[in-house]
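The report below describes selected features of the model shown here, beginning with the terms on which the values rest.

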Amino acid sequence: MIAIPTMRPGAGPRRWLAAACVALAVAAIATAFVWPVIVRHLVVSRLESLTHRTVRIDAVTVNPFTGRVAVTGLQLFEGDDEALFAAVERFDARVRPLALMRGHVSITDAVLEGPTVRIVRRPDGLNVSDLFDRSGPGGVALDVTVDRFVVTRGTVSLEDRALREPRTWRSESIEIEAHNLSTLRDDGHAVARSVTAGAPASLELTKVRLRPIHLEAVAKTTGLDLGLARLYFPPDAAVVLERGRASSTLELVLDAREGVRATATGELADVVLVRPGEREPAAVLPKTALRLSELVYREDALSIGRLELTGSASVRDPLAGRGGRYQVSTLRASIADVTWPVTTPGRLDVESSVPGGGMVRLTGALRPPPASSQLRLLARSVDLGPWANLVPVKARITGIANADLRVDEPLAPGVPNRVLGSVAVSRIGVADGRRELAGAERAELSDLEVRWPSRLSARRLVVQGPRATIERSAAGELPLLALFAPAGPAAPPSATSASAGVRGASAPAQPSSPAPASMVLAIGEILVKDGRLAWRDEAVTPRGALDFAGVDVSIAGAGWPLDHSLGIKAAARPLGGGQVQIAGRVGVQPMSADLRVTVADAEIAPYQPYVPVPARIAGRTDLDVAVVLPSWPAEKATVRGRAAVSRLDVRDGERSVVRAERVSASSLDVDWPRRVSVGDLAMQRPWVLIERAREGILPLRVLLSPRVGTTDVARAPSSAAGAASPRGTAPGSVPVTVARLVVEDGGARLVDQRVAPPFALDMQRLEAQVEGASTDPAAKPAQLELKGRVGGTSILALRGTIGSLGGPLRVDVNGDLRGFAIPRTNSYLVQQVAWEAREGWLTTAIRCRIDGDALDARTEIQVSRLQLARAGADDQAHARIGLPLGTLVALMKDARGDIRVTLPVRGRLSDPRFDFSEAIWSTIRNVAVRAIAAPVSWIGRVRFSADSRIERIDVDPIPFASGQATLTPEAREQLARVAAFLEQTPDVRMALTPVVSSRDRAALAEASGSAAPDLPALAARRLEAVRDGIKKAGVDTGRLKEVAASPAPIESEGQVKLDLIEPESPGSPARPNLLKRLLGGAADVRAARN
Amino acid sequence: MSAAAEHPPAARSRVTRAWRRLSALAVIVIVAVGSGCASRDPWQDARIESEVKARLVEEKSANLTRLGVESRQAVVRLTGTVSSEEQKALAERVAKSVGGVRRVVNALDVRPPPG
């Protein structure tokens, strides 16, 4: 409003009238010239008062009669530099004077041409803030009515000097046309258009009332470039807006009493977000719809009924390198019932598809801190595969995740303080890039509670159907563990990114939220159900392969740090059948165990690579032991219980060398490293092959000797897992005691390939019992009792005591072997004495005592029906005793054909001069000499050589009177002795050699008168006389061999010379013997003659 | 004329005794010869058993160490269990290769190993 001063006229009727006229004229003239100046001055001063800015106006035209007002060249300047704030080229308005006089500012037409407003944003605020903060002038407000208001060519510029790089935005071509704007009516309406940052915008106002203000507006923007907002992102933002377009429609109702009520819809298109320093977009949102409803602002209180966003996105994983882009096909987010200041919680509902598959939904009530927010995060079927690179390990982890997490805490920046819920992952896979090494059907963590950053706990972790293949390389490394080592830093995608130094842009891969070192992990119970575990070991030879199925594990009290023991129950089915169960407690720091291990019918063959002997061992084991490891590595352990192996099969390659139906040890008590004791060790149907190879070695000994080159790396995986494997204690130094050893129905096959033909002998039905066997030198001797069959027919029995295996050798054993078929030893007889037995049975009683190195053995031998045949020329018996073995045996046989001798062997085993073989031969020689000396003394004498060998046996001849063939009394006596000798030694044969002397010749010549007497006839008659004499004594004359008389007479008495000759080898002994028994002497004689 | 009339009792008794003796002698000869054949060369059977067992044990490529071996008149009977027909045939070949074996009765059972 502009106040115009009134003029007061002068006094006096005429003069004064004239003067008044003149003065009026002068005043009018003066007013005509001064009025605009005054008005301009008033306007300028008023505007400067209102805006606190310098105002300049080129001209002001006011026609009080017409009410027309025109202002040209209006300019407002601000600041010390007098910068232009606003300018109007021209303002034309027509005011109704009469209405104005009534206090109603009524403008029929107002036109604002070329207005320009320059808004500057400084760090301390906008340059227009003072205009809004400053209250308006007081006084009575006039009613205002504008019938028509027009703005043409308006411009609003925004200079943003708060940015590092000041930018200016312009809204140009502003055209406004409004009608019926009034404080007295509410039917005003206006239409405004502009081009803002290049995008057309329109605003339509209806139902406008100026005071109290009321309007309904519809604002539309099309294709607004969102890149303008790039500069308004925080400088340390992980992403910035690269580009995008926005179109929106805002419907707004502004009412002085009701406040602002607005709804809006909008669409974002082609929005691209990039990480600082990168060119490739981090996220692309092709199309996103926004919907805002029920926004109310009244009395400084803001409430939003619902803000909803739907769309899709394409997100790139920064760790996946180029091309690692994920499609978020569905993104829907809404927030409802939001108020500010907060009076009711906002309801948040965000649902999004997850790259690779699955959905994530976040719902709940949202309050600003310090009030608690109640949020629920549901994840459904989220494929972890595309996110594998986010896990900072080399392993590629896949799976389908489901989660139900709740937050009921004041939300602080970063990780919520307390999160409750459950997480489950199905179809878990862990691969090394080439193949899957581990996995599980499902793992579920229930009743999860996270109190960041101090504690993470869960009531139960259930792992269903886990599977793993753990491999150990030839170098002893475990690649599976290496997979979980931290992955190396990712290569920076560009050189500039490294300098950007922005978190999440190109920084090396680090755990996203590493748990602080002080964080406590606690899982009440870990359940593993129906797992499978495969162990492949290239570090041992042959390659180790262990497989377990049906692995069930229950661990109570798991967590970290592990300063307490864990309750563990585990069960598994090893490959090949059976069951393994472990229950008890295991400590980790320090490592300790108190476990009960139960194994039922488990195959032991797969553990072959870890057996330190070359033998292949198979069988099924049963084990029930309590294992206590006090602490690691104290090298102490106790094992108590029982163990058994069934169907034991120890092989040398393909050959079985040891078998047993079952070997069981009960009352097992191992107190390592002090002692090992077994209550009862029972072997059922054990069998062993004891073989001497052609090379002279014992393969069984080689098989059961430790492998050459066995190293620590070849230890069983159980030891790597912490099982007891005390080091530094030599197993041989630990005393082992077996209280009772029982062998039932045992057997053995003795094979000697070194002799020819090879020797083989079976021992069967061995029953043995040993009580008190021990390696403790202080232990009492063990009681031994053994019996069994040898060679199918003979019976072996041993009984006695055996001293401690760890002390001096002490043996006191008595034994019997009955009915052993001697031909089974032909391999050795041929080799040792060049004879073989065609028949014969051995019965012997042995008493053997060894005390330290003192040997005192006595063997009583009875050999029955022994028939020998020479099998070679190297007769060791002849060489060592002096007589061929056949002759010796024949002489040693009694009348029944048996040999009974006692062989005592004594000596000191430690004496270097002691030779067992020589001792045996010496004993045999002594025994043989004693055995034959008595019968030979009847008919002659034994002649010995200087080395005590038998040189020869001289038999006294049968003497005859000169020229006679009749037996003299002396001859008869000698003949009777010979017959008795032959009867006593049924296998001895004699050669009869008639000797005709010169005296016989002389006597025959004298008796016959012939100069050439028949000497052969005399010899024949003498032989006949001797044979008849022996025959009459009942001796088989087939044992007599007649030898032709010597052609040259000798100067001695006539006689029949007797010589022992080697028995004939039995060509086929069975039949003649049987015939002899059946048919009597005739057949015997015929057989002998034949 | 009856036989009793033709032969006086003493003569008849002598004939009867002679027949009895001849019959007994024939039986004895038959049994003796038969049993002599049955038990001929038992030491050879022992040698054959021993050598066949040793040869079976010596076969490294098969598991023949526990087979039962019985020789009667040089006829070898193999008993026990082997894991394949090939091993059964191998055992028979090994037995036949031993000197003096006339025939091999292969009574081995074939039972493949489980699994």
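## Basis of the values

Accessible areas come from the Shrake-Rupley method with a 1.4 Å probe, and for residues only the protein chains shown count as cover. This is a predicted model, in which local features need pLDDT of at least 70 and side-chain atom pairs count only at pLDDT 80 or more, while totals for chains, interfaces and linings use all residues. Residues are numbered from 1 along each chain as its sequence is written, chains are lettered from A and ligands numbered from 1 in the order in which they are written, and side-chain values use heavy atoms, with hydrogens and water left out.

## Chain B

The accessible surface of chain B comes to about 6,800 Å², and 57% of this surface belongs to carbon and sulfur atoms. Of the 115 residues in chain B, 33% are buried, where buried means under 20% relative accessible area, exposed over 50%, and partly exposed in between (1.4 Å probe, protein chains only).

Chain B holds four helices and three strands, these elements being DSSP runs numbered from the N terminus (helices H or I, at least four residues; strands E, at least two). Their order from the N terminus on is α-α-α-β-β-α-β. Among contacts (heavy atoms within 4.5 Å) in chain B between residues at least 6 apart in sequence, 62% join residues at least 24 apart.

## Nonpolar cores

A nonpolar core is a set of buried Ala, Val, Leu, Ile, Met, Phe, Trp, Tyr and Cys residues joined through side-chain atoms within 4.5 Å. The largest such core has 79 residues, of which A:I526, A:I555, A:V657 and A:L681 touch the most other members. Strand β33 (residues 655-672) of chain A contributes eight residues, the largest share of this core. Apart from it lies another core, of 63 residues, which includes A:L766, A:V833, A:A928 and A:V1056.

When its neighbours within four places in sequence are left aside, A:L681 is in contact with A:V663, A:S664, A:A665, A:V738, A:R740, A:L741 and A:V742. Helix α10 (residues 885-892) of chain A has eight of its eight residues buried, so this helix is largely enclosed by the rest of the structure. The buried residues of α10(A) run through A:L885, A:G886, A:T887, A:L888, A:V889, A:A890, A:L891 and A:M892.

## Strand pairing in chain A

Two strands pair if DSSP finds at least two bridges between them. Strand β26 (residues 520-537) of chain A is joined by 13 bridges to strand β27 (residues 544-560) of chain A, and the two run antiparallel; a hairpin of six residues connects β26(A) to β27(A). β27(A) is in turn joined by seven bridges to strand β28 (residues 566-574) of chain A, again antiparallel, with a hairpin of five residues between β27(A) and β28(A). A:V553 of β27(A) stands opposite A:V528, and the bridge partner of A:V553 in β28(A) is A:A570.

Elsewhere in chain A, four strands form an open sheet of mixed pairing, in the order β46-β49-β47-β48. β46 (958-959) and β48 (1040-1042) of chain A stand at the edges with a single partner strand each, so one side of each is left without a neighbour in the sheet. Strand β47 (residues 989-995) of chain A runs parallel to β48(A) and is joined to it by three bridges, and A:M990 stands opposite A:L1040 in β48(A). Helix α14 (residues 1015-1032) of chain A lies across β46, β47, β48 and β49 (1055-1061) of chain A and runs at about 145° to β47(A), where axes are lines fitted to C-alpha atoms, for helices over the stretch in contact, and angles run from 0 to 180 degrees between N-to-C directions.

## Backbone details and a buried aspartate

The peptide bond from A:R211 to A:P212 is cis, with omega near -15°, and A:P212 is placed in the loop between β11 (199-209) and β12 (214-225) of chain A. The peptide bond from A:A756 to A:P757 is also cis, with omega near -5°, and A:P757 lies in the loop between β36 (736-752) and β37 (759-774) of chain A. A:R427, in strand β22 (residues 418-431) of chain A, has a positive phi near 50° although it is not glycine, and A:R427 is exposed at a relative accessible area of 62%.

A:D404 is found in strand β21 (residues 396-409) of chain A and counts as buried at 16% relative accessibility. The side chain of A:D404 makes a polar contact with the side chain of A:R376 at 2.7 Å; a polar contact is a pair of N or O atoms within 3.5 Å, where within protein one must be able to donate a hydrogen and the other to accept it, and residues adjacent in sequence count only if both atoms are side-chain atoms.
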